[in-house]
Amino acid sequence: QVQLVESGGGLVQPGGSLRLSCAASGRIFSINAMDWYRQAPGKQRELVAGITSGGLTNYADSVKGRFTISRDNAKNTVYLQMNTLKPEDTAVYYCKADLRMSFSSPYVDYWGQGTQVTVSS
């Protein structure tokens, strides 16, 4: 009933940029926080950046000053602008939305399917 679809991943050289998008669709009443996570091979999934419905943001120390998270509440979409990319940013990037499907429903986390980002020369 709810889908999160990421796009924008790909192969980029070190120092390059990518912009990820994640659109939530389906039966959605309201969305609270929206986050980006990533998981590199052999490593645990980690929080990259998050944004509240009011626009407050937080970032992992490793991406501060290079990545910017934003959202369009009218489109139920969250973005991640990634600049000055490094090989260590290589990972599958996932979006997560904390949302509810009706006024009386609890907030539940939904995840996207992930998009691959590879930083390599």
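**Note on the predicted model: core, sheets and side-chain contacts**

1. Within the largest nonpolar core, which has 29 residues, Trp 36, Val 48, Phe 67, Val 78, Leu 80, Met 82 and Tyr 93 touch the most other members. A nonpolar core is here a set of buried Ala, Val, Leu, Ile, Met, Phe, Trp, Tyr and Cys residues joined through side-chain atoms within 4.5 Å. Buried stands for under 20% relative accessible area, exposed for over 50%, and partly exposed for the range in between (1.4 Å probe, protein chains only). At least two residues of this core come from each of β1, β3, β4, β5 (46–51), β7, β8, β9 and β11. Strand β9 gives the largest share, 5 residues. In soluble globular proteins, nonpolar side chains tend to be buried together.

2. On the basis of the analysis: this is a predicted model, in which local features need pLDDT of at least 70 and side-chain atom pairs count only at pLDDT 80 or more, whereas totals for chains, interfaces and linings use all residues. Residues are numbered from 1 along each chain as its sequence is written, and side-chain values use heavy atoms, with hydrogens and water left out.

3. Strands are DSSP runs (E, at least two residues), as helices are (H or I, at least four), numbered from the N terminus. Two strands pair if DSSP finds at least two bridges between them.

4. Strand β2 (residues 10–12) runs parallel to β11 and is joined to it by 3 bridges, with Leu 11 opposite Thr 118. Strand β9 (residues 91–100) pairs with β11 in the antiparallel sense, also over 3 bridges, and Ala 91 has Val 117 as its bridge partner in β11.

5. The whole structure holds 6 salt bridges, a salt bridge being a side-chain nitrogen of Lys or Arg within 4 Å of a carboxyl oxygen of Asp or Glu. Arg 38, Glu 46, Arg 66 and Asp 89 are linked in a network of such bridges. Arg 38 and Glu 46 meet at 2.7 Å, N to O; Arg 38 is buried at 6% relative accessibility, whereas Glu 46 is partly exposed at 34%. In the bridge of Arg 66 with Asp 89, the closest N and O atoms are 2.8 Å apart. That pair links distant parts of the chain, 23 residues apart: Arg 66 is in the loop between β6 (57–59) and β7 (67–72), and Asp 89 in the loop between β8 (77–82) and β9. Both partners count as buried, Arg 66 at 10% and Asp 89 at 1%.

6. A further salt bridge brings together Asp 109 and Lys 96 (3.5 Å, N to O). Asp 109 lies in strand β10 and Lys 96 in strand β9, so the pair ties together parts 13 residues apart in sequence. Asp 109 is partly exposed, at 41%, while Lys 96 is buried, at 9%.

7. Arg 45 lies over the faces of two rings: Tyr 94, at 3.8 Å from the ring centre, and Trp 111, at 4.8 Å. The criterion is NZ of Lys or CZ of Arg within 6 Å of the ring centre and within 35 degrees of the ring normal.

8. There are 2 aromatic pairs: rings of Phe, Tyr and Trp (its six-membered ring) pair if their centres lie within 6.5 Å, with planes under 30 degrees apart counted as stacked, over 60 as edge-to-face and the rest as tilted. One of them, Phe 29 with Phe 103, is edge-to-face, at 6.2 Å centre to centre and 75° between the planes. These residues are 74 apart in the chain, Phe 29 in the loop between β3 (18–26) and β4 (30–39) and Phe 103 in the loop between β9 and β10 (108–111). Phe 29 is partly exposed at 46% relative accessibility, and Phe 103 is exposed at 64%.
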